[in-house]
Amino acid sequence: MASLQNDEIDVTAEDQTRINAFSRANARFHELEDDIRNQKELKQNFEDAQQELMLGEGSAKLLIGEAYMDVTEDTANEFLEGQIERTQAELDRLSGELDSVRSVMSTLKGQLYARFGNNINLEEE
């Protein structure tokens with residue numbers, strides 16, 4: 001009969017805390033990826049609108065709440081520039097948070113793999 005190796009490792013409260021922290025960080029990581037993707041799309045939409053405005057007739061309509069308002073091309077362009085700047089600032093903030101979460105995940109992953117080896121899987125499938 002072949003001898004079976006016992007690979008069971010006791011999970012301490014500290015280990016469980018690290019596993020839970022990794023799980024929360026991983027969930028936040030995916031939320032941030034989605035938020036960044038949405039912000040990039042929004043920024044692209046504002047940039048596209050700005051390009052179309054340049055090809056326009058000198059006036060535009062802005063959607064304010066539930067109503068459209070006639071504005072000059074300059075006013076619409078200023079509005080779009082402000083939106084692009086705000087969107088870029090939010091992208092920068094989200095990217096910074098993503099880097100921070102990625103760093104936390106890397107640290108926790110190293111600690112957990114050092115403790116559990118192949119008995120734990122923290123990789124995406």
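## Burial and the basis of the model

A residue is called buried when its relative accessible area is under 20%, exposed when that area is over 50%, and partly exposed in between, with a 1.4 Å probe and protein chains only. By this definition Ala60, with a relative accessible area of 15%, is buried.

The structure is a predicted model, in which local features need pLDDT of at least 70 and side-chain atom pairs count only at pLDDT 80 or more, whereas totals for chains, interfaces and linings use all residues. Residues are numbered from 1 along each chain as its sequence is written, and side-chain values use heavy atoms, with hydrogens and water left out.

## The helix pair

Helices (H or I, at least four residues) and strands (E, at least two) are DSSP runs, numbered from the N terminus. Helix α1 covers residues 13–54 and helix α2 residues 73–116, and their axes come within 7 Å of each other and cross at roughly 160°. Because of this angle, α1 is roughly antiparallel to α2. Here the axes are lines fitted to C-alpha atoms, for helices over the stretch in contact, and the angles run from 0 to 180 degrees between N-to-C directions; angles under 35 degrees count as roughly parallel, over 145 as roughly antiparallel, 65 to 115 as roughly perpendicular and the rest as oblique.

The crossing of α1 past α2 is left-handed, a term used if the near helix is turned anticlockwise from the far one by less than a right angle, with clockwise giving right-handed. The residues in the contact of α1 with α2 comprise 24 nonpolar, nine polar and 15 charged, where Ala, Val, Leu, Ile, Met, Phe, Trp, Tyr, Cys and Pro count as nonpolar, Asp, Glu, Lys and Arg as charged, and the others, Gly among them, as polar.

Strand β1 (residues 59–64) pairs with strand β2 (residues 67–72) in the antiparallel sense over six bridges, pairing being assigned if DSSP finds at least two bridges between two strands. Ser59 has Thr72 in β2 as its bridge partner, and Leu63 is bridged to Tyr68, also in β2. Two residues stand between the strands of this hairpin, in which Gly65 adopts a positive phi near 65°.

Ala60 belongs to strand β1, and, its neighbours within four places in sequence aside, Ala60 is in contact (heavy atoms within 4.5 Å) with Leu53, Met69, Asp70, Val71 and Ala76. Ile64 is likewise located in strand β1, but with 45% relative accessibility Ile64 counts as partly exposed.

## Asp15 and Asp10

Asp15, found in helix α1, counts as buried because its relative accessibility is 3%. Leaving aside neighbours within four places in sequence, Asp15 is in contact with Asp10, Leu112, Arg115 and Phe116.

Asp10 is placed in the segment before α1 and counts as exposed, with a relative accessibility of 68%. With the neighbours within four places again set aside, the contacts of Asp10 are Asp15, Arg115 and Phe116.

## Separations along the chain and in space

Glu85 lies in helix α2 and, at 57% relative accessibility, counts as exposed. Asp10 and Glu85 are 75 residues apart in sequence, and their C-alpha atoms are 51 Å apart in space, while Glu85 and Glu97, 12 residues apart along the chain, have C-alpha atoms separated by 18 Å.
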